[in-house]
Amino acid sequence: MNKKQMEKYIREAEVQIKVRQILSIDTEKLYTTQQIAEMYEVKEESVRNIVRSCEPEFAGDSINNDNIILKNCALYTKDVVKKVGIMLEGSEVAKLLRTTILDMYFGTIKEPKYTKLNKEQLNELMNEAFVRKNYLLAQEFCMQALKKNI
């Protein structure tokens, strides 16, 4: 596998992992603007703009009650985190989140392209993830390789 292909599969897996993390975030936890921006790989200002411009959209989430706004710091619930992703433009993570939610709704979940690789290719990707010290990514490729044994 060449370097360009490897980077493509690694990026796909990174985005896939982030989407799974967003879909399973803790319901009791509050999230800062910075954390939301990091989840979606965008600038904090993008998150702030969505929350400001779409305030009526968040009304059902009791944005004034469930979200705590302190001086220069805002804390948001999991529902706001997910709604921001649905409305956010210019984010690979947000795009895959929207696609995944629709696929779940219609029952047409598609497997990522890297799941179709053979064990040797997955091992190569897993080794690269270890080199990068990205252990979640290594775990993802390891799990896919193990599925090939079943």
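Buried means under 20% relative accessible area, exposed over 50% and partly exposed in between, with a 1.4 Å probe and protein chains only. The model is predicted: local features need pLDDT of at least 70, side-chain atom pairs count only at pLDDT 80 or more, and totals for chains, interfaces and linings use all residues. Residues are numbered from 1 along each chain as its sequence is written, and side-chain values use heavy atoms, with hydrogens and water left out.

Close-up 1. Helices (H or I, at least four residues) are DSSP runs, numbered from the N terminus. Helix α7 covers residues 119-131. At 1.5 Å a residue, its 13 residues should span 18 Å, and the end C-alpha atoms are 18 Å apart, which agrees. The expected span is 1.5 Å times one less than the number of residues. Buried in α7 are L122, L125, M126, E128 and A129. They cover an arc of only 160 degrees around the axis, which puts them on the same side of α7. The arc is that of the directions from the helix axis to the C-beta atoms. Exposed E120 and V131 sit on the face turned away from the buried side. The buried residues of α7 pack against α1 (3-23) and α8 (135-149).

**Close-up 2. The two ends of α7.** At the start of α7, a side-chain oxygen of N118 comes to within 3.1 Å of the backbone nitrogen of E120. A polar contact is a pair of N or O atoms within 3.5 Å; within protein, one must be able to donate a hydrogen and the other to accept it, and residues adjacent in sequence count only if both atoms are side-chain atoms. After α7 comes K133, with a positive phi near 60 degrees.

**Close-up 3. T115 in its loop.** T115 belongs to the loop between α6 (92-106) and α7. T115 is buried, with a relative accessible area of 10%. Neighbours within four places in sequence aside, T115 is in contact (heavy atoms within 4.5 Å) with Q144 and K148.

**Close-up 4. Aromatic pairs.** Rings of Phe, Tyr and Trp (its six-membered ring) pair if their centres lie within 6.5 Å; planes under 30 degrees apart count as stacked, over 60 as edge-to-face and the rest as tilted. The whole structure holds three aromatic pairs. One of them joins Y105 and F106, with centres 4.9 Å apart and planes at 85 degrees, so this pair is edge-to-face. Both Y105 and F106 are exposed. F130 and Y135 have ring centres 5.9 Å apart and planes at 50 degrees, so their pair is tilted. F130 is partly exposed, at 42% relative accessible area.
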